[in-house]
6 protein chains.
Amino acid sequence: MVGGLLLVVTLLALAAGHGVVVAFDPNPLQDFCVYDTTSKVRVNGLPCKDPAAVVADDFFFSGVDAPGRGTASLRYGFTALSVQIPGLNTLGASHARVDVAPGGVFPPHYHPRASETAVVLEGSVYFGFVTSYPDNRLLARVLRRGDVFAVPQGLVHFLYNNGSEPAALYASLSSQNPGLVLVGDALFAAPLPGDLLAKTLLTDEGTVHKIRANFRRP
Amino acid sequence: MVGGLLLVVTLLALAAGHGVVVAFDPNPLQDFCVYDTTSKVRVNGLPCKDPAAVVADDFFFSGVDAPGRGTASLRYGFTALSVQIPGLNTLGASHARVDVAPGGVFPPHYHPRASETAVVLEGSVYFGFVTSYPDNRLLARVLRRGDVFAVPQGLVHFLYNNGSEPAALYASLSSQNPGLVLVGDALFAAPLPGDLLAKTLLTDEGTVHKIRANFRRP
Amino acid sequence: MVGGLLLVVTLLALAAGHGVVVAFDPNPLQDFCVYDTTSKVRVNGLPCKDPAAVVADDFFFSGVDAPGRGTASLRYGFTALSVQIPGLNTLGASHARVDVAPGGVFPPHYHPRASETAVVLEGSVYFGFVTSYPDNRLLARVLRRGDVFAVPQGLVHFLYNNGSEPAALYASLSSQNPGLVLVGDALFAAPLPGDLLAKTLLTDEGTVHKIRANFRRP
Amino acid sequence: MVGGLLLVVTLLALAAGHGVVVAFDPNPLQDFCVYDTTSKVRVNGLPCKDPAAVVADDFFFSGVDAPGRGTASLRYGFTALSVQIPGLNTLGASHARVDVAPGGVFPPHYHPRASETAVVLEGSVYFGFVTSYPDNRLLARVLRRGDVFAVPQGLVHFLYNNGSEPAALYASLSSQNPGLVLVGDALFAAPLPGDLLAKTLLTDEGTVHKIRANFRRP
Amino acid sequence: MVGGLLLVVTLLALAAGHGVVVAFDPNPLQDFCVYDTTSKVRVNGLPCKDPAAVVADDFFFSGVDAPGRGTASLRYGFTALSVQIPGLNTLGASHARVDVAPGGVFPPHYHPRASETAVVLEGSVYFGFVTSYPDNRLLARVLRRGDVFAVPQGLVHFLYNNGSEPAALYASLSSQNPGLVLVGDALFAAPLPGDLLAKTLLTDEGTVHKIRANFRRP
Amino acid sequence: MVGGLLLVVTLLALAAGHGVVVAFDPNPLQDFCVYDTTSKVRVNGLPCKDPAAVVADDFFFSGVDAPGRGTASLRYGFTALSVQIPGLNTLGASHARVDVAPGGVFPPHYHPRASETAVVLEGSVYFGFVTSYPDNRLLARVLRRGDVFAVPQGLVHFLYNNGSEPAALYASLSSQNPGLVLVGDALFAAPLPGDLLAKTLLTDEGTVHKIRANFRRP
C-alpha cells in the first residue's frame with residue numbers, strides 16, 4: 001500500500017513489537033502478564049513486568065472516539081490497540097479503529113492468526129469476506145451504524161465506503177497479535193519475480209510492472 | 001439480580017444455548033461452522049449447518065447503536081451478541097452492548113471462560129477489576145467516550161455510572177460463550193445455606209436473610 | 001477473609017509466584033520445564049532450570065497427610081501444591097489439601113483458570129457449586145470419605161463442614177496456576193465504592209459498612 | 001498383562017468409552033457438557049446430555065476410600081474415575097485409585113495424552129519415571145503416606161511396592177481420557193513379529209517366545 | 001485460478017469436506033477419531049466411526065510417488081492428503097504432493113489455519129514467503145532435491161519452477177484442514193467490486209477488468 | 001539401544017535442546033519466533049532471535065535426499081529436522097528422515113507430544129502401531145514407495161524392513177519437539193530394578209539380566 005495507510009498503520013507495527021497481532025492464543029498462566037517494554041527477552045508472546053508494578057493504566061487506551069492519525073488527508077486510517085495496551089499481553093485479544101473516507105477502501109487483507117468482528121461506529125460500509133479454495137464465495141453486505149459483522153480466521157476481507165459520509169468501525173481480533181497481510185502489498189510491495197506475478201494474475205509482465213510501479217512510490 | 005437486569009439479560013442466556021459464553025476456545029477446523037439452530041446434537045460448542053446454506057447474514061447483527069431492551073425504565077441493560085450471530089460459533093469471540101443509566105451499576109461479575117475489553121460508546125463510567133487472592137487489588141478508573149479498558153480472564157469487574165448521562169459500552173469477550181456470573185446472585189439468588197453465607201460475609205444470619213429477601217422478589 | 005485463612009492461604013500465594021494457579025494450560029514443548037526459582041525472566045508461565053540439574057525431588061512434595069499450617073487454631077486451612085513442586089510448571093495441574101474444622105467453611109470462591117475435582121480424605125462436608133447466569137442453580141451434596149466431586153472451570157463453589165469431625169480434602173486443579181478468588185473478599189476486602197456494593201447487594205450502605213468492617217480487621 | 005490387572009483395569013476401559021483418558025484437552029465452551037451415555041453421536045470427546053437434566057450426582061463418584069475390585073486376591077488394582085463421573089467430560093481431568101499389594105507392581109506404562117500426579121493414601125511405594133531419548137534418566141524415589149509425585153506427559157512411569165503393607169494412591173491426570181499404554185503389553189500382548197521383538201530387545205527369538213507365552217495365558 | 005489447477009485441486013476440496021484443512025488443532029480426546037464419512041453430524045472437525053470398525057487402511061494413503069492427476073498436460077498439480085486418510089481427523093496434520101512443471105508456478109497462496117513445511121522430492125524450485133504488514137519482506141531461496149523449507153502460519157508463499165525439469169514436493173501442514181486461499185483467486189475469481197480492486201491495486205478499472213476476464217474463463 | 005542408533009540419533013537430541021520434540025503446540029503469537037541459539041533464556045519452547053536478523057536460511061534444511069549419518073555401516077539411521085531448522089520454533093511441526101537397512105528395524109517407540117505421519121521415499125517397510133489399553137490392537141501394513149501411514153499421538157509404533165532393499169521414510173511430527181521414547185531403552189537402558197522388570201515381563205530375573213547386558217554395551 002502506498003502513502004497514507006503506510007504512515008498511519010505504522011502504529012500497528014510499532015504496537016505489535018517483533019511481528020504484528022491474533023485470536024486462539026495460548027491460555028494465560030497468571031492473572032495478567034503486562035508487557036514489559038523494557039525487557040530484552042524474546043519469546044512466543046511478550047515478557048511481563050513485575051506484577052507489583054502494574055497499574056490500572058496498563059489496561060487502558062484512549063482515543064477510539066476520534067479518527068486515526070492521518071485520516072484527515074487520507075482515504076482511510078487505522079488506530080491499533082494491541083500492546084499499546086500492555087495489559088492485553090496473554091489476554092487473547094486486540095482491537096483497532098478503522099476510518100474510511102467516502103470513496104475510500106480498506107483494501108483486501110487478512111489476519112493470519114485471528115478471527116475478527118467489527119461494529120460500525122458511524123457511517124456506512126460495504127463489508128465482506130471471501131471463502132477459501134475452491135469456492136471463493138463472497139459473503140458481504142452493507143453495514144450501517146450499530147451493525148456488526150464477523151470474519152472467520154484467516155479469510156480475506158475488505159471495507160468499501162461507497163457512501164457520502166465518513167465511516168468508522170471498531171474491530172475486535174481474537175489474538176493479541178493477529179498479524180495483518182494486505183493482499184495487494186504481499187503481491188506487489190514484496191519483490192516477487194515479475195513473471196511469477198504475471199502467471200499468477202494470468203496477465204502479461206507489462207501489466208504487472210505497471211501495477212507494481214505505483215506500489216513503489218513512497 | 002432482581003427485576004430489570006433479569007429481564008434484559010435473558011437475551012444473553014437465550015443466545016448462549018445450553019449454558020452461557022468464553023475466550024481461548026479450541027481452534028476452528030474449517031472456514032466456519034455456523035450454528036445450526038435446528039440440530040439436536042449436543043457437543044462441546046455447537047453443531048454446524050450445511051456450509052452450502054451459509055449466507056452473509058449468518059455473520060451479521062444489527063442494533064448495537066441503540067440501548068438494550070428494557071433499559072428505558074431500568075438502570076442498566078444488556079444486548080448480547082453470541083449465537084445471535086450464528087457465525088460466531090468456533091470463532092472464539094462474542095460481544096455485548098451494556099447500558100448503564102445515571103446512578104446505575106452493572107454489578108460485580110466475571111466471565112468464567114473469557115477475558116474482556118470494553119470501549120465506551122457514550123457517557124462515562126467508573127470501571128474496574130479486582131485481582132485474585134491474596135491481593136484483592138482494585139485496578140479501576142473513570143472511562144469516557146472512546147476509552148478502552150481490559151479485564152483479565154475470570155476476574156471480578158464492574159461498571160458504575162456515577163455521572164449524569166446515560167453510559168453505553170461495547171464489550172468484546174474472548175470466547176463464543178464466556179459465561180456470566182453475577183457475584184451477588186451466585187451468593188444470594190442460589191439457595192446457599194444461610195449460616196454458610198453468614199460465615200462467608202463475617203456477619204450474622206439476620207443480615208444475610210435481610211439481603212436475600214430482596215434477591216427473591218421477582 | 002479475615003485472620004486464619006489469610007495466614008494459612010499465604011502458602012498458596014507464595015507458591016504461585018507472580019499471580020496464583022489453573023487447567024487447560026498451553027501444551028508442554030519438552031519433557032519438563034522445572035521452575036527455576038532463581039531466574040529473573042518473567043513470561044506467561046515460569047522460566048525453567050537447566051534440565052541437566054533436574055532431580056527427582058523437583059517433582060516431589062510431602063505432607064498431604066497432615067492438616068495445613070494454622071488449622072489447629074482456625075476453622076479451615078489450605079496447603080497448596082503448585083510451584084512448591086517446581087516440576088509442575090508446564091504440566092497443566094496443581095493441587096491443594098484443604099482442611100475444614102467442624103462448623104467451618106471454605107467460603108464461596110472460584111478459580112479463574114481451572115476446573116477442579118476433590119476427594120474427601122477424612123470427615124464429611126457439604127460441597128457444591130452454582131451455575132452461571134441466569135440459572136444460578138446450586139448443584140451440591142454431602143460428601144464422605146472416599147467421595148469425589150467435580151467443579152467446572154470458573155464456577156463458584158464452597159465447602160461447609162456441618163458435621164462434628166474435622167474434614168480434609170485433596171483438590172486437583174486443571175492449571176499450574178488456577179488462581180483463587182474468594183467472592184466475599186473480592187467484594188469487601190477490595191476498596192469497591194460503598195454505594196456500588198449497596199446497589200449490588202440490593203441493600204443499604206449501612207449494611208455494607210457493617211459487613212466491610214469485619215473484612216478490614218487484620 | 002496377565003490375569004488380575006486385566007480383570008480389574010477393565011473398569012478403566014469401560015469408563016473411557018471409545019478409547020481410554022488425558023490433560024491439555026480443548027477448553028470447554030459452556031459451563032458443563034455432561035456425558036450423555038445414551039447418545040450415538042461420536043466426536044472428538046463425548047456428546048452432552050440436556051443441561052436442564054443435569055444433577056449434582058453427575059459430578060459425583062464414591063469409593064476412593066476402598067481398594068479397587070479384585071485387589072484382595074491380586075497384586076494390584078485400579079479404579080478409574082473418568083466418565084464414571086459424566087460431568088468430567090470437557091473438564092480436562094480424570095482420576096484413578098491404584099492399589100499395589102506388598103511385592104506388587106503397577107508395571108511401566110505411560111499416558112499418551114496426559115501428565116499425572118499421584119498422592120499416597122496409604123503404605124509406601126517406589127515411584128519413578130524415565131526421561132525420553134537419549135538420556136533415559138530414571139527420576140524416582142520412595143513415597144510414603146501424604147507424599148506427592150508428578151510425571152510429565154507421556155513419560156514411562158511405574159509403581160513398586162517393595163514394602164510389607166498394601167499401598168494405595170490417588171492419581172490425577174490432565175485429560176478426561178489420558179489413555180493407558182502398558183509397555184510390556186504393547187510389546188508382548190500385541191502380535192508384533194517375533195524377530196522384530198528380538199531385534200528390539202537385543203536378544204534371540206527363543207527368549208521372546210518364552211516371554212510372550214506368559215502374556216497369552218488368560 | 002483457471003483451468004488446470006482448478007481441476008486438479010478439487011481433490012483437496014473433496015477431501016476436506018465442509019470447508020478445507022490446519023495445524024494447532026484442538027488436542028485429541030481418544031486414541032483416534034477416524035472420520036465417519038457416512039455420518040450426518042456436523043461439528044467443529046469431523047465425526048468418528050465406531051473405533052471397533054477401524055482398520056489399518058484408515059491411516060493409509062498411496063500414490064505420493066506419482067504426480068497428481070492432470071499434471072501431465074498442465075503446469076502444476078496437487079494431491080491432497082487430508083481426510084482421504086480418514087484417520088488424520090483429530091491428529092492435527094495433513095499433507096499434499098505438489099507438482100510444478102518447468103516454467104510453472106504454484107501461485108501465491110496461504111493456509112488460514114496452518115503452518116507448512118515442504119521437502120523437494122525431485123527437481124528444483126524457487127520457494128518463498130512474504131512477512132506480514134508493514135515489512136512485506138520476501139524470504140525465499142532455490143530448493144533442490146532433499147531440501148526442506150518452512151512457512152509460518154498464514155503467510156503468503158509460492159513455488160516457481162524456473163528450471164528445466166519437473167519439480168515435485170511433499171508438503172506437511174499443521175492442521176487436519178489448513179484451508180487454502182489462492183491470493184489471485186480471492187481477488188479476481190470472487191465477485192469483488194471492480195473499483196474496489198482498482199483502488200486495491202492502485203490501478204484503473206480497465207486493467208482490473210482485463211485481468212479478471214482471464215479468471216472467468218472455465 | 002546399542003551402538004548405531006545411539007550415535008546417529010544423537011542428532012535429534014542435540015537438535016531438540018533441553019529435552020527432545022511434539023504436535024498440538026501452543027499457537028504462535030507473531031509471524032515467527034526463530035530459535036536464538038545464543039540466548040540463555042529457558043522457557044516452555046525456545047527463545048527467539050531479533051526478527052530483523054532473520055533470514056531465509058533460518059527456515060531451510062538440506063540433505064533429506066541422503067541417508068542419515070552412520071547408516072552405511074548400521075542397520076538404521078535418523079536425521080532429525082527440528083531446531084536444526086531454527087524457524088520451526090513455534091510452528092508446531094518437526095520432521096525426520098529415517099533409514100532402515102534390509103533386515104533392520106526402527107524399534108518400537110512413541111512420541112510423548114506428537115502424532116506422526118510418514119511417507120516412504122524408497123524401499124518397503126512393515127509399519128504399524130499398537131492401540132492403548134486394554135485392546136493392544138496392532139494396526140499395521142506393508143508400505144511401499146509413495147505410501148503414507150499415520151500414527152496417533154503417543155501410540156507405540158515401529159518400522160521393520162523385511163525386504164531386500166534399503167528403505168527410507170520422511171516423517172512429519174505434530175510438535176516442534178515431539179520427544180522420542182524407545183520402549184526397549186526405557187525398560188532396559190534406564191536403571192529400573194531387575195525384579196520390577198521381571199514382574200513386568202512375567203519372566204525371571206535371569207532373563208532380565210541377560211537382556212539388559214546387551215543394552216549396556218556401548
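Leaving aside its neighbours within four places in sequence, with which residues is Leu159(F) in contact?

Leu159(F) is in contact (heavy atoms within 4.5 Å) with Leu196(D), Val98(F), Val100(F), Gly104(F), Val105(F), Phe106(F), Val125(F), Tyr126(F), Phe127(F) and Leu169(F), once its neighbours within four places in sequence are left aside. This is a predicted model, in which local features need pLDDT of at least 70, side-chain atom pairs count only at pLDDT 80 or more, and totals for chains, interfaces and linings use all residues. Residues are numbered from 1 along each chain as its sequence is written, chains are lettered from A and ligands numbered from 1 in the order in which they are written, and side-chain values use heavy atoms, with hydrogens and water left out.

Leu159(F) lies in strand S9 (residues 156–160) of chain F. Helices (H or I, at least four residues) and strands (E, at least two) are DSSP runs, numbered from the N terminus. Leu159(F) has a relative accessible area of 6% and is therefore buried. Buried means under 20% relative accessible area, exposed means over 50%, and partly exposed is in between (1.4 Å probe, protein chains only). Pro86(F) is 73 residues from Leu159(F) along the chain, and their C-alpha atoms are separated by 28 Å.

## The sheet in chain F

Chain F has an open sheet of 5 strands in the order S7-S6-S9-S4-S11, with antiparallel pairing. Strand S7 (138–144) and strand S11 (181–182) of chain F stand at the edges; each has a single partner strand, so one side of each is left without a neighbour in the sheet. Two strands pair if DSSP finds at least two bridges between them.

Strand S4 (residues 105–110) of chain F is joined to S9(F) by 3 bridges, and the two run antiparallel. Within this pairing, Leu159(F) in S9(F) stands opposite Phe106(F).

## A histidine in a loop of chain E

His111(E) is found in the loop between strand S4 (105–110) and strand S5 (116–122) of chain E. The relative accessible area of His111(E) is 6%, so His111(E) is buried.

The side chain of His111(E) makes a polar contact with the side chain of Glu116(E), at 2.8 Å. A polar contact is a pair of N or O atoms within 3.5 Å; within protein, one must be able to donate a hydrogen and the other to accept it, and residues adjacent in sequence count only if both atoms are side-chain atoms. Leaving aside neighbours within four places in sequence, His111(E) is in contact with residues including Gly154(E), His157(E), Leu173(E) and Pro178(E).

## Chain A and its interface with chain B

Chain A has 4 helices and 11 strands. Of its 218 residues, 72% count as buried. Among contacts in chain A between residues at least 6 apart in sequence, 72% join residues at least 24 apart.

The contact between the two chains takes 52 residues from chain B and 52 residues from chain A. Together chain B and chain A bury about 3900 Å², 62% of it on carbon and sulfur atoms. Buried area is the accessible area (1.4 Å probe) that two parts lose on being put together, summed over both. Strand S1 (residues 60–61) of chain A pairs with S8(B) in the antiparallel sense over 2 bridges, and Phe61(A) stands opposite Val148(B) in S8(B). The interface also has 2 salt bridges, a salt bridge being a side-chain nitrogen of Lys or Arg within 4 Å of a carboxyl oxygen of Asp or Glu. Asp57(A) forms a salt bridge with Arg141(B), with the closest N and O atoms 2.7 Å apart.

## The interface of chains D and C

Here the contact takes 52 residues from chain D and 52 residues from chain C. About 3900 Å² is buried between chain D and chain C, 62% of it on carbon and sulfur atoms. S8(D) and strand S1 (residues 60–61) of chain C run antiparallel and are joined by 2 bridges. The bridge partner of Phe60(C) in S8(D) is Phe149(D).

There are 2 salt bridges across the interface of chain D and chain C. In a salt bridge, the side chains of Arg141(D) and Asp57(C) meet at 2.7 Å, N to O. Between chain D and chain C, 21 residue pairs are in polar contact (both at pLDDT 80 or more).
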